[in-house]
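Subject: Structure handover

Hello,

Here is the structure I promised to pass on. Please open it first, then read my notes below.

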Amino acid sequence: MEQSAITPFALPADVIALIPMRNVVLFPHVLMPITVGRVRSVATIQHALQSKTPIGIVLQKDPAADAPGFEALCSIGTVANVVRHIASEDGTHHAVCLGVERFRIEEIIEGYPFIAARIKRIQEAESYTTHIEALSLQLRERAIEILSLLPGVPAELAHALQATRAPSDLADITASLLDTEIVEKQKLLETIDIEQRLQSVLQILTRRIEVLRLSQEIGERTKEQMEDRERKFLLREQLKAIQKELGEEGGNDQEIAKLSEAIVNAGMPNDIEEQTRKELQRLQRMPGASSEYSMLHTYLEWMTELPWRLPEEKPIDLNNAREILEADHFGLGRIKQRIIEFLAVQKLKPQGRAPILCFVGPPGVGKTSLGQSIARALQRPFVRVSLGGVHDEAEMRGHRRTYVGAMPGNIMQGLRKAGARNCVMMLDEIDKMTASAHGDPSAALLEILDPEQNSTFRDNYLGVPFDLSRVIFIATANVIDPITPPVRDRMEIIDLPGYTQEEKLQIALRYLVQRQSEANGLQTDQCILTPGALQSIVENYTREAGVRQFEREIGRVMRHAALRIAQGEQQEIRVDAAELEIILGPKKFEHELALLSDLPGVATGLAWTPVGGDILFIEATKVNGSGRLILTGQLGDVMKESAQAALTLVKARASDLNIPASAFEGIDVHLHVPAGAIPKDGPSAGVAMFIALASLFTNRLVRHDVAMTGEISLRGLVMPVGGIKEKILAAQRAGITTVLLPARNQKDLYDVPETTRQAIRFVFLETADDAIQAAMSQADHQPALTAPD
């Protein structure tokens, strides 16, 4: 111990030298080491050693203060004796102090090289109540318990606690052992009342015991997990060594790690992720050469690549949606309005269950492109699932994984391709599905298209439920009849009947010409098709409800132009209607009116087909025979019955039509519908058959510019039929100027374009007599005279 240069001072009995501590609280009867480095604190230590007097250990309120005054010191501290002192080479002093008793600072005494203060010593009570003794007993038990939970505590400390009998001493010693905040310890030091001090220390001690117990349990569990992990690691290493010796080393750790990371990022529900983890563990245990390894690996790839997580939906802009529909499609006003209404409901109620739209119409009218426009307006991915020719239920629900080459169904494949759970999915050609021995795929559609059920759709391959409720399904069909009634009931049917010639011309000018120019490598101004040329292509080279063949013919013209430009013959080509025969060849279609012979017994009917409307010729003639009715032209049962009803009605009205009764004797009536290779059926030809037979027996011609449709009854009433818009458009394409319709079909003209209604005269029929007056000429037919030989 180095010699001090401080002259010892004789201090009054109530004055003591102080050492302010930054983060140390010394309790009475506790031995504690302290370290001091400030000059005045070192002077206090040296004074105490030379004068052999006690010092005062007191906590300063602000640890950052280097020269604390009276206000910066806590009011209560501990009188302590310096038991041992060591001075370090770096100037710091280390001392071991033994707390004696509490004191209260009354004032700071100036004039000393150390901090000196007048104090008042606080005496402890020597008599204790039974409650204090009970608290003391409880505190001793808890203190010994906490010592057992702390690692590295010497046994002598527990013996010291057992030997401490004074409650105040026990409270102070226990408080010094607590691992708590320094402010809380100072509060315990300032608690003079023994009972209150015991309760405070007991509360803190109880809380610390619970924390230590929990920490010990966590430590034990962690240790067990570490031991289990080490054991599994050792077993895996041994398994690898065994597989290596057997030549089954797969080296698939990297693949397993990728799959594990993909499972984490997939966003699966917890129960599905747990099941997928089990399959991954199975894969990890399999040798890479196993046949089941690749199957299970493919399954896990499917599970991780499906869009389990719902993406953030973008707001719907109805004005932008209108612009998209107008830019992509010409006409279709009512259909566009329905789509805008559909999008408006989606905007107001994004979580609502959207209706399933089904676009029904002939090929080439824009059903698929309408679905793409809806996806663009919603800013969602679009995926098309073709159902044409699907005849196995497994193609919708997937195959079970027990089969070799098993795959998920078309729905899950489409979702994986789209990459989003809220995509727009088009079920194309839904009317082309057929049932077979493998099941009915339309039955699987019942769950897929039902908003009440598709939130838990289960694919047989995946074996887990998948939520399809946020997918917007749109179906397309050419004909509604083949769709089963339960499936039809789940969809809202929207008809797309076909385009008029004017609409086709506008579609070509706005879309088709430019698209075919780009497809054939031409600039917009390198090949110009005049409106007359386009009109000629529509009339003479195509006969369809849509524009698909029309676009092909435009493509042929563009390829002809591309050839001439590539050969350097011309740089700009203008194609008029007169040049089409050179490019496209002879006209493929003529106006059927030109084909009509000037003979009675021929009438023009209107028919509906899956590819749009068409005109139909009914030819009737009579030959010698026994009164039979001969029907040819691949007529169905309904048309055969219509022909029989028409003949019966002509016979019943014979007197009104001035037909002698003998006209039906000794003859056979032959009724033929040309294009005999095409099957035909339906009730719409009833009026046309009646007019053809009436013309035959009255020898009066049927007007060439008149076409008709409608069903007749034996009472002579004209019954309504369907497909009116398609039939009227077909009549316009064929050059018909007058159309006879059942009176009850007058309401269907609302769907016919205004230009078509202006171009055609409509006659509405209540009875068969109305049809005779409108369709047949008044004069009898006179056969042409032949020149004599």
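This is a predicted model: local features need pLDDT of at least 70, side-chain atom pairs count only at pLDDT 80 or more; totals for chains, interfaces and linings use all residues.

Ile-448 sits in helix α15. The relative accessible area of Ile-448 is 0%, below the 20% limit, so Ile-448 counts as buried. Setting aside residues up to four places away in sequence, Ile-448 touches Met-396, Ile-411, Asn-454, Phe-457, Leu-468 and Phe-473. Met-558 is another matter: 110 residues along the chain from Ile-448, with 44 Å between the two C-alpha atoms.

Leu-370 is also worth a look. Helix α12 holds Leu-370. Its relative accessibility is 0%, and Leu-370 counts as buried. Beyond its neighbours within four places in sequence, Leu-370 is in contact with Leu-325, His-329, Leu-332, Ile-335, Ile-339, Phe-359 and Leu-496. Take Ile-335 from that list: 35 residues separate it from Leu-370 in sequence, and the C-alpha atoms are 9.4 Å apart.

Now the cores. The largest nonpolar core has 53 residues. Those with the most contacts inside this core are Leu-343, Phe-359, Ile-374, Leu-529, Ile-537, Phe-550 and Ile-554. Helix α19, residues 548-566, gives the largest share of this core, 7 residues. A separate core has 52 residues, including Val-360, Tyr-461, Val-464 and Ala-475.

Leaving out neighbours within four places in sequence, Ile-537 is in contact with Leu-529, Thr-542, Phe-550, Glu-553, Ile-554, Val-557, Leu-580 and Leu-584.

Next, helix α23. How many of its residues are buried? The count is 10 of the 10, across residues 724-733, so α23 is largely enclosed by the rest of the structure. The buried set is Ile-724, Lys-725, Glu-726, Lys-727, Ile-728, Leu-729, Ala-730, Ala-731, Gln-732 and Arg-733. Gly-735 follows α23 and has a positive phi, near 85 degrees.

Two other backbone spots deserve a check. Most residues other than glycine have a negative phi. Gln-379 is not a glycine, yet its phi is positive, about 60 degrees. Gln-379 is in the loop between α12 (367-378) and β8 (382-386). Its relative accessibility is 43%, and Gln-379 counts as partly exposed.

Look for Glu-429 in the loop between β9 (424-428) and α15 (441-448). Glu-429 is partly exposed, with a relative accessible area of 23%.

One more loop residue: Phe-70. Where does Phe-70 lie? Its place is the loop between β3 (55-59) and β4 (76-87). Phe-70 has a relative accessible area of 38% and is partly exposed. Its contacts, leaving aside neighbours within four places in sequence, are Ile-105, Glu-106, Glu-107 and Ile-108. Arg-488 is 418 residues away along the chain, and the C-alpha atoms of Phe-70 and Arg-488 are separated by 93 Å.

Finally, the chain as a whole:

- Secondary structure: the protein chain has 25 helices and 26 strands.
- Radius of gyration: 51 Å for the protein chain, whereas a compact globule of 789 residues would have one near 28 Å.
- Box: along the principal axes, the C-alpha atoms fill roughly 170 × 60 × 55 Å.
- Burial: 46% of the 789 residues count as buried.
- Contacts: among those between residues at least 6 apart in sequence, 73% join residues at least 24 apart.
- Surface: the accessible surface is about 39900 Å², and 51% of it belongs to carbon and sulfur atoms.
- Charge: there are 85 positive and 104 negative charges, and their mean positions are 1 Å apart.

Over to you.

Best wishes

Terms used: Residues are numbered from 1 along each chain as its sequence is written. Side-chain values use heavy atoms; hydrogens and water are left out. Helices (H or I, at least four residues) and strands (E, at least two) are DSSP runs, numbered from the N terminus. The radius of gyration is taken over C-alpha atoms; the globule rule is 2.2 Å times the number of residues to the power 0.38. Buried means under 20% relative accessible area, exposed over 50%, partly exposed in between (1.4 Å probe, protein chains only). Contact means heavy atoms within 4.5 Å. Accessible areas come from the Shrake-Rupley method with a 1.4 Å probe; for residues, only the protein chains shown count as cover. Lys and Arg count as positive and Asp and Glu as negative; His and the chain ends are not counted. The place of a charge is taken as NZ of Lys, CZ of Arg, CG of Asp or CD of Glu. A nonpolar core is a set of buried Ala, Val, Leu, Ile, Met, Phe, Trp, Tyr and Cys residues joined through side-chain atoms within 4.5 Å.
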